[in-house]
Amino acid sequence: MDKKTAAILLASLLERIERDHAIGAASSHERQALRLAVQALGGEDVPPVLPPPAPHIVVVPPVEPPRIDLVLSSIQRKRKPNRMH
């Protein structure tokens with residue numbers, strides 16, 4: 001493999017890493033090393049450094065609890081008449 005082909009392949013790899021933002025796939029130092037390798041091999045089309053993507057946040061609407069009617073009359077005690085001796 002010649003240097004030009006190696007530079008093209010490394011640039012392609014670096015572009016996929018940057019585009020897909022494969023977190024954990026390549027550290028920032030590894031990406032920097034790939035850039036330097038592409039440049040050292042005479043590569044011209046080094047992809048620009050892209051910022052990491054914003055995290056995808058899913059917003060779930062609140063759940064409305066069911067309505068519960070309390071029937072308190074079922075627990076009330078009847079009053080006993082007051083007896084006098």
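Colleague: In which segment does Leu 41 lie, and is Leu 41 buried, partly exposed or exposed?

Modeller: Leu 41 belongs to the segment after H2, where helices are DSSP runs (H or I, at least four residues) numbered from the N terminus. This is a predicted model, in which local features need pLDDT of at least 70, side-chain atom pairs count only at pLDDT 80 or more, and totals for chains, interfaces and linings use all residues. Residues are numbered from 1 along each chain as its sequence is written, and side-chain values use heavy atoms, without hydrogens and water. Because its relative accessibility is 26%, Leu 41 is classed as partly exposed (buried is under 20%, exposed over 50%, partly exposed in between, with a 1.4 Å probe and protein chains only).

Colleague: How far apart in space are Leu 41 and Lys 3, C-alpha to C-alpha?

Modeller: In sequence, 38 residues separate Leu 41 from Lys 3. In space, their C-alpha to C-alpha separation is 5.4 Å.

Colleague: At what angle do the axes of H1 and H2 cross?

Modeller: Two packed helices are described by the angle between their axes and the distance between the axes. Here the axes are lines fitted to C-alpha atoms over the stretch in contact, with angles from 0 to 180 degrees between N-to-C directions. The axes of H1 (residues 3–20) and H2 come within 9 Å, and the crossing angle is roughly 150 degrees.

Colleague: Why is H1 described as roughly antiparallel to H2?

Modeller: Angles over 145 degrees count as roughly antiparallel, whereas those under 35 are roughly parallel, 65 to 115 roughly perpendicular and the rest oblique. The axes of H1 and H2 cross at roughly 150 degrees, and therefore H1 is roughly antiparallel to H2.

Colleague: Which residue forms a salt bridge with Arg 67?

Modeller: A salt bridge requires a side-chain nitrogen of Lys or Arg within 4 Å of a carboxyl oxygen of Asp or Glu, and the count by this rule is one. Arg 67 is exposed at 75% relative accessible area. The closest N and O atoms are 3.0 Å apart, and the partner of Arg 67 is Asp 69.

Terms used
Helices (H or I, at least four residues) and strands (E, at least two) are DSSP runs, numbered from the N terminus.
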